[in-house]
Amino acid sequence: MILPIIIYGNPILRKKCIDIDFLSCKKKINLLIEDMFETIHKEKGIGLAAPQIGKNIRLFIIEPPDFNDGKKGRNYKEVFINAKILKVHGEKSILNEGCLSIPGVMGDVERKSHVSIEYYNHNWKKQKKIFTGICSRIIQHEYDHIEGKLFIDYFSSIKRKMIKKKLISLYEKITYK
Ligand SMILES: [Zn+2]
């Protein structure tokens, strides 16, 4: 099932998410993960975090395009449940990012190259891994979502002024049911 994406201005995007009690709701979460992948395929996204579909839980998925570091092949995807970043380290780099929750806004974000992270994967197995490259970039972006942080928070004050009108127009479109 394709899920509607929560757009900027909805307060859920600013909330710190809570851990999933997976003993009690594994089945529900598995279904949600399937729906999240279906949703990013439709939206042509490369990552999605639970608050973006209205759930205040520590869950995100990544599916980088053309990811090929010689080990994992092209259709690499990963699920991060109750993730905890242990360290971000390495070289700093700047990349133009976008976000399904802030359509029409792109901007340069500086991040470090490596991320050490602990999480449960799609099999609910505990993992401790270091990611680099595009995976590291997407993980840091999605992890920010579950911490209530958005990529625009990294923008310079000039850039923020430039996108202010756009943000207000997104904000004004929100309807609460
Ligand atoms: Zn995003």
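Biologist: What radius of gyration would a compact globule of 177 residues have, and what does the chain have?

Modeller: This is a predicted model. With 177 residues, a compact globule would come near 16 Å. The chain has 16 Å, so the value agrees with the rule. Along its principal axes, the C-alpha trace spans about 45 × 40 × 25 Å.

Biologist: How many of the residues count as buried?

Modeller: Of the 177 residues, 45% do. The cut-off is under 20% relative accessible area.

Biologist: What share of the contacts joins residues at least 24 apart in sequence?

Modeller: The share is 67%, taken among contacts between residues at least 6 apart in sequence.

Biologist: Which secondary structure elements does the chain have, and in what pattern?

Modeller: There are 3 helices and 5 strands. Along the sequence they follow α-β-β-β-β-β-α-α.

Biologist: What makes E1 and E5 edge strands?

Modeller: The 5 strands form an open sheet in the order E1-E2-E3-E4-E5, with antiparallel pairing. E1 and E5 each pair on one side only, and they are the edge strands. From one strand to the next, the twist averages 30°.

Biologist: How do you know that E1 and E2 pair?

Modeller: Pairing needs at least two bridges between the strands. E1 and E2 have 3 bridges, so they qualify; they run antiparallel. Gly 47 stands opposite Ile 62 in E2.

Biologist: Why is Lys 128 called exposed?

Modeller: Its relative accessible area is 62%, and exposed means over 50%, so Lys 128 passes the cut-off. Lys 128 lies in strand E5 (residues 126-131).

Biologist: Which residues does Lys 128 contact, leaving aside neighbours within four places in sequence?

Modeller: Lys 128 is in contact with Leu 86, Ile 117 and Glu 118. Contact here means heavy atoms within 4.5 Å. Gly 148 is 20 residues from Lys 128 in sequence, and their C-alpha atoms are 23 Å apart in space.

Biologist: How do you know that helix H1 is short of a straight helix?

Modeller: H1 (residues 22-43) has 22 residues. A straight helix at 1.5 Å a residue would reach 32 Å, yet the end C-alpha atoms of H1 are only 28 Å apart. H1 also has a kink of about 40°, centred on Lys 28. Just after H1, Lys 44 takes a positive phi of about 55°.

Biologist: Which residues of H1 are buried, and what covers them?

Modeller: The buried residues are Phe 22, Ile 29, Leu 32, Ile 33, Asp 35, Met 36, Phe 37, Thr 39 and Ile 40. Their cover includes E1 (47-49), E2 (59-62), E3 (78-98) and E4 (106-120).

Biologist: Where does helix H2 lie, and at what angle to E4 does it run?

Modeller: H2 (residues 133-146) lies across E1, E2, E3, E4 and E5. H2 runs at about 85° to E4.

Methods
Residues are numbered from 1 along each chain as its sequence is written. This is a predicted model: local features need pLDDT of at least 70, side-chain atom pairs count only at pLDDT 80 or more; totals for chains, interfaces and linings use all residues. Side-chain values use heavy atoms; hydrogens and water are left out. Helices (H or I, at least four residues) and strands (E, at least two) are DSSP runs, numbered from the N terminus. The expected span of a helix is 1.5 Å times one less than its number of residues. The bend at a residue is the angle between axes fitted to the seven residues ending there and the seven starting there. Buried means under 20% relative accessible area, exposed over 50%, partly exposed in between (1.4 Å probe, protein chains only). Axes are lines fitted to C-alpha atoms, for helices over the stretch in contact, and angles run from 0 to 180 degrees between N-to-C directions. The radius of gyration is taken over C-alpha atoms; the globule rule is 2.2 Å times the number of residues to the power 0.38.
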